[in-house]
Amino acid sequence: MGKPCTDQCSCDSTNTPDKTPSRQNEAQGDSLSVYTIPKMDCPSEERMIRMALAESTTVGALFFDLPGRKLEILHDGPADPITDKLATLGLGATLEETREADQTTLNAANQQPTEAQEA
C-alpha cells in the first residue's frame with residue numbers, strides 16, 4: 001500500500017485510508033477536478049492542503065488518496081483558482097482532468113462525515 005513518509009514529518013502514510021473525504025457544509029459542486037501531487041505522501045501535506053482551501057467558497061469536498069498521491073476536488077466554477085492555490089504550497093500539484101460531477105460523486109461526498117464530526 002503506502003510506504004513511510006520520506007519527508008521530515010515522522011508519519012507513516014500506511015496508517016491513512018486510501019480516500020479521506022472532507023467537506024465544508026453540504027457538499028456541492030458541478031465539477032470534479034483530479035490532481036496529481038507528487039510531494040503529498042503523509043497527513044502533514046494533507047493538512048496543508050485542507051488549510052489552503054478551507055476558505056474557498058467554491059470547494060465542496062476533498063477526496064485524498066495519499067498512497068496514490070492524488071486529490072479529487074468537488075467544486076463549482078473553474079479549477080484555475082484552486083490550481084493556483086495548490087501551486088503556492090510547493091507540492092508539485094498538477095491538474096490531470098476536470099469533468100462534470102455526477103450524482104454518485106455528490107451522494108458519496110454528502111454521506112461522509114465532516115472533519116468536525118470525525119473529531
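The following dialogue asks how terms are applied to a predicted model of a protein chain.

User: How many helices and strands does the protein chain have, and what makes a run count as one?
Analyst: A helix is a DSSP run of H or I with at least four residues, a strand is a run of E with at least two, and both are numbered from the N terminus. The protein chain has 4 helices and 5 strands, in the order β-β-α-β-β-α-β-α-α along the sequence.

User: Why is D65 called buried?
Analyst: Buried means under 20% relative accessible area, exposed means over 50%, and partly exposed lies in between (1.4 Å probe, protein chains only). D65, in strand β3, has a relative accessible area of 18%, and therefore counts as buried.

User: Why is R69 called partly exposed?
Analyst: R69 has 27% relative accessibility, and therefore counts as partly exposed. R69 is in the loop between β3 and β4 and has a positive phi of about 55°, although it is not a glycine.

User: What does the side chain of D65 reach, and what makes a pair of atoms a polar contact?
Analyst: A polar contact is a pair of N or O atoms within 3.5 Å; within protein, one must be able to donate a hydrogen and the other to accept it, and residues adjacent in sequence count only if both atoms are side-chain atoms. The side chain of D65 reaches the backbone nitrogen of G68 at 3.0 Å. Another polar contact joins the side chains of R50 and E46, at 2.3 Å. R50 is in helix α1 and counts as buried, at 8% relative accessibility.

User: Why are the buried residues of helix α1 said to be on the same side?
Analyst: The buried residues of α1 (residues 43–53) are E45, E46, I49, R50, A52 and L53. They cover an arc of only 165° around the axis, and therefore lie on the same side of α1. The arc is that of the directions from the helix axis to the C-beta atoms.

User: What makes a set of residues a nonpolar core?
Analyst: Its members are buried Ala, Val, Leu, Ile, Met, Phe, Trp, Tyr and Cys residues joined through side-chain atoms within 4.5 Å. The largest such core has 15 residues, of which Y35, I49, L71, I73 and L86 touch the most other members. Two or more residues come from each of α1, β3 (59–65), β4 (70–75) and α2 (80–87), and β3 gives the largest share, 3 residues. Apart from this core lies another, of 7 residues, including A61, F63, L74 and A101.

User: Why is strand β2 called largely enclosed?
Analyst: In β2 (residues 31–36), 5 of the 6 residues are buried, so the strand is largely enclosed by the rest of the structure.

User: How do you know that β2 and β4 pair?
Analyst: Two strands pair if DSSP finds at least two bridges between them. β2 and β4 have 6 bridges, in the antiparallel sense, and Y35 stands opposite L71 in β4. β2 is also joined by 6 bridges to β5 (residues 94–100), again antiparallel, and L32 has R99 in β5 as its bridge partner.

Notes: Residues are numbered from 1 along each chain as its sequence is written. This is a predicted model: local features need pLDDT of at least 70, side-chain atom pairs count only at pLDDT 80 or more; totals for chains, interfaces and linings use all residues. Side-chain values use heavy atoms; hydrogens and water are left out.
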